[in-house]
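Please look over the notes below alongside the coordinates.

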Amino acid sequence: MSPQRLNPEEVFEDGYTSVFISRFHGRGLQVAYVRDRAARDVGFHLAAPGTMELSNVRVWFQLKGKHRETLDAEDLAELSEVRIAVDVDDVKKWYAAPEAVYLVVYLEALDEFIGEDIRDIVDRMFAGHRNTPGATLAAKTEKTMNLAVSRDATISD
């Protein structure tokens, strides 16, 4: 019998997901699905600012990662945005969700997270179209699309 091996991509994702979750320590209550069927990696029921009281706000995060071999620090210094390929059906669900869904990208070369509300990304992407951004998104028939997360949208402590 051959030995079982860890999947390097899962190890990478588990690492940056743990770091991301730790940034919310004491700022809310983590919400998690028993099974990942909603295409949302992490959710938080946020505490009111400066208190330990839970607010009425829940937010969701879809996390992606870019290896330093894919985007190194030099490349990132020249970019105003980072593009991520995502499933169109997922984007449609996130855009229509009643609660905010953020697309967050971990940049290994900088050990940094960037992220934006999916609605802001889609609205910006389809701003010049004849139809509303939501209608333009709804009409998309491709399986995947590239979304651009601003390099200025750094998520820090």
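1. Leaving aside its neighbours within four places in sequence, which residues is Val57 in contact with? They are Phe44, His45 and Leu46, where contact means heavy atoms within 4.5 Å. Val57 sits in strand E3, strands (E, at least two residues) and helices (H or I, at least four) being DSSP runs numbered from the N terminus. Val57 is partly exposed, at a relative accessible area of 40%; buried means under 20%, exposed over 50%, and partly exposed in between (1.4 Å probe, protein chains only). From Val57 to Val88, 31 residues apart in sequence, the C-alpha to C-alpha distance is 26 Å.

2. On the basis of these notes: the model is predicted, local features need pLDDT of at least 70, side-chain atom pairs count only at pLDDT 80 or more, and totals for chains, interfaces and linings use all residues. Residues are numbered from 1 along each chain as its sequence is written, and side-chain values use heavy atoms, with hydrogens and water left out.

3. Gln62 also belongs to strand E3 (residues 54-66). Gln62 is buried, with a relative accessible area of 7%. Its side chain reaches the backbone nitrogen of Arg40 at 3.5 Å. Apart from neighbours within four places in sequence, the contacts of Gln62 include Arg40, Trp94 and Tyr102.

4. Helix H4 covers residues 118-125, and within it Ile118, Ile121 and Val122 are buried. These three lie on the same side of H4, because they cover an arc of only 90° around the axis (the arc is that of the directions from the helix axis to the C-beta atoms). The buried residues of H4 pack against helices H3 (88-96) and H5 (133-138) and strands E5 (100-107), E6 (112-117) and E7 (144-150). At the start of H4, a side-chain oxygen of Asp117 comes to within 2.8 Å of the backbone nitrogen of Arg119.

5. The largest pocket has a volume of about 190 Å³. A pocket here is an open set of points on a 1 Å grid over the protein atoms alone, where a 1.4 Å probe fits, with protein on both sides within 12 Å along at least five of seven lines; lining residues have an atom within 4 Å of a point. Eleven residues line the largest pocket, with Phe24, Arg27, Phe61, Ile155 and Ser156 nearest its centre.

6. Ser156 is placed in the segment after strand E8 (154-155). At 57% relative accessibility, Ser156 counts as exposed. Gly43 is 113 residues from Ser156 along the chain, and their C-alpha atoms are separated by 17 Å.

Technical notes:
Points joined across faces, edges and corners; volume = space filled by probe spheres on them. Polar contact = N/O pair within 3.5 Å; in protein donor to acceptor, adjacent residues only side chain to side chain.
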